[in-house]
Amino acid sequence: MQLSDWSVLLLLLKIVSYLAIAALAGCLLIRLLNNESTTPDKQLSCFNRYLKRWQITLVMVGFIGAILQIPIEAGAMAESGFAGMIDPFMLDIIWQSVIGEQVSIRVPAFIIALFAVCTWRTHSNSANVANFVITLLALVILTYSFTLTGHSAEKGLLIKSILTLHLIAIASWIGSLWPLYKSCQLLSLNTIKHLMERFGQLAIIIIAVLLISGITLLWQYLNSFSVLFTSNYGQLIMLKLLLVSAMLLLGAWHKLRLVPQITQQHHVVTLKRSISVEMVIAVCVLLTTSVFTTLVGPPV
């Protein structure tokens with residue numbers, strides 16, 4: 001695996017896409033959980049407004065990243081410095097490829113997501129059903145766009161659908177961590193505990209989807225079990241599995257030990273510190289995933 005300036009740039013572009021989609025999915029999940037709350041207090045309204053600003057910021061960053069994808073891919077292919085980014089011939093080649101198809105789907109989806117997030121009324125639950133559905137639709141389109149390139153591009157609709165489900169599950173989990181961390185600062189003890197309990201219940205479903213879809217995809221992409229140990233792709237997969245396992249252990253500790261103990265502020269501080277550790281591991285998961293989906297492909 002060789003790293004060049006362009007490959008690093010493409011790697012950063014992939015990470016930006018992952019972060020934007022994770023923020024969209026995670027905040028959507030927390031919105032769903034907040035709708036279950038029976039305490040429409042000022043702190044909850046403040047927290048919802050924060051979620052809205054966070055979503056808008058990250059979706060905007062993702063939108064800009066999607067626009068830059070064509071010129072960066074053209075520059076990487078031209079290998080003539082930054083002038084390659086504006087070379088009409090190279091831009092046309094990239095636009096006519098599957099990358100152009102991916103961008104033509106991703107840019108409108110980001111615009112739809114941005115419209116939905118900006119029009120989300122944080123103080124009204126009943127008026128947000130349509131808004132929730134539109135945001136979810138944009139999320140599905142954005143995650144599906146990842147199946148158009150890379151080692152999943154030649155797979156059938158079933159495998160692409162499983163990969164889309166896998167991406168939505170991991171985006172929902174990782175994208176929820178920052179809102180949960182902020183909830184420890186902005187919400188009352190009772191509301192934090194209620195939110196964490198609800199998240200713990202939903203996390204069981206998310207993890208089940210993540211594991212089943214992940215094992216199915218591994219079965220499709222790898223020729224044999226030994227590839228996990230003898231190829232760069234397999235070793236990165238193993239690293240990702242190790243990191244995800246660490247997140248699972250932390251999540252179990254939160255659900256079974258820390259959340260039931262929340263009765264005083266110092267319990268929240270402990271939970272907040274543990275979530276921050278989980279966020280660091282989650283960033284490593286995204287970085288590892290970006291490397292083996294951008295720079296390394298499965299062995300053939």
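Before looking up any residue, I note the burial scale: buried means under 20% relative accessible area, exposed means over 50%, and partly exposed is in between (1.4 Å probe, protein chains only). I'm working on a predicted model, where local features need pLDDT of at least 70, side-chain atom pairs count only at pLDDT 80 or more, and totals for chains, interfaces and linings use all residues. Residues are numbered from 1 along each chain as its sequence is written, and side-chain values use heavy atoms, with hydrogens and water left out.

**Serine 290.** Is Serine 290 buried or exposed? I get a relative accessible area of 0%, so Serine 290 is buried. I find Serine 290 in helix α10; helices here are DSSP runs (H or I, at least four residues), strands are E runs of at least two, and both are numbered from the N terminus. Leaving out residues up to four places away in sequence, Serine 290 touches Leu11, Lys14, Ile15, Tyr18 and Leu295, where contact means heavy atoms within 4.5 Å.

**Serine 274.** Serine 274 has a relative accessible area of 6% and is buried.

**Helix pair.** Next I checked α1 (residues 5-34) against α2 (residues 42-78). Their axes come within 8 Å and cross at roughly 155°, which makes α1 roughly antiparallel to α2. For the record, angles under 35 degrees count as roughly parallel, over 145 as roughly antiparallel, 65 to 115 as roughly perpendicular and the rest as oblique. The axes are lines fitted to C-alpha atoms, for helices over the stretch in contact, with angles from 0 to 180 degrees between N-to-C directions. By class, the contact of α1 with α2 has 21 nonpolar, 7 polar and 2 charged residues.

**Whole chain.** How many helices and strands does the chain have? I count 10 helices and 0 strands. The radius of gyration is 20 Å, close to the 19 Å that the globule rule gives for 300 residues, so the chain is as compact as a globular protein of that length. That radius is taken over C-alpha atoms, and the rule is 2.2 Å times the number of residues to the power 0.38. Along its principal axes, the C-alpha trace spans about 60 × 45 × 35 Å. I also noted that 49% of the 300 residues count as buried.

Notes: Nonpolar A, V, L, I, M, F, W, Y, C, P; charged D, E, K, R; others polar.
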